[in-house]
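Hello,

Here is the structure for your files. My notes on it follow below.

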Amino acid sequence: MKLRNMFFLGIPAVIIWVISIFIFGIFLIKWFWMWTVPGLFPGAVASGLVAEKISWWIALKLSVLVALLAAITHVSKK
């Protein structure tokens with residue numbers, strides 16, 4: 001769906017859609033981190049180099065980073 005087509009839904013609907021995507025991304029990142037990082041890097045978790053769980057704030061920042069990288073990838077496509 002193109003951005004200009006989404007604005008026909010109205011600004012409040014687009015804002016709610018964007019916020020819900022970020023909230024879903026936060027839950028997804030927290031879940032992914034909790035299940036994969038300790039399984040892939042047990043030695044690093046045991047020695048304290050990598051956190052076993054991440055906070056909501058870090059998950060929010062990672063969600064924003066993933067969204068920005070996706071936007072850059074989408075914009076750079078020809």
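Please keep in mind that the model is predicted.

As for the overall layout, the chain has four helices and zero strands, so the order of elements from the N terminus is simply α-α-α-α. Of its 78 residues, 14% count as buried. Taking contacts between residues at least 6 apart in sequence, 50% of them join residues at least 24 apart.

Searching the whole structure for aromatic pairs gives one. The pair is made by Phe 27 and Trp 56: their ring centres are 5.2 Å apart and their planes stand at 80°, so the pair is classed as edge-to-face, the threshold for that class being over 60 degrees. Phe 27 belongs to helix H2 (residues 11-40) and Trp 56 to helix H4 (residues 56-76), so the pair ties together parts that are 29 residues apart in sequence. Trp 56 has a further neighbour in Lys 30, which lies over the face of the ring at 4.7 Å from its centre.

A second point concerns the surface. Phe 24, Leu 28, Trp 31, Phe 32, Met 34 and Trp 35 form a nonpolar patch there, and together they have about 720 Å² of accessible area. One of these residues, Met 34, lies in helix H2. Its relative accessibility is 36%, so Met 34 counts as partly exposed; a residue needs over 30% to be part of a patch.

Which residues does Ser 63 touch, leaving aside those up to four places away in sequence? They are Phe 22, Gly 25, Ile 26 and Ile 29. Ser 63 itself is in helix H4. At 6% relative accessibility Ser 63 counts as buried, because the limit for buried is under 20%.

Regards

Key
Residues numbered from 1 in each chain as written. Predicted model: local features only at pLDDT ≥ 70, side-chain atom pairs only at ≥ 80, totals over all residues. Heavy atoms only, no water. Helix = DSSP H or I, 4+ residues; strand = E, 2+ residues; numbered from the N terminus. Buried < 20%, exposed > 50% of the residue type's maximum accessible area, 1.4 Å probe, protein only. Contact = heavy atoms within 4.5 Å. Phe/Tyr/Trp six-rings, centres within 6.5 Å; stacked < 30°, edge-to-face > 60°. Lys NZ or Arg CZ within 6 Å of the ring centre and 35° of its normal. Patch = residues over 30% accessible without salt bridge, like charges linked within 9 Å, V, L, I, M, F, W, Y side chains within 5 Å. Areas by Shrake-Rupley, 256 points an atom, 1.4 Å probe, with all protein chains shown as cover. Salt bridge = Lys/Arg side-chain N within 4 Å of Asp/Glu carboxyl O.
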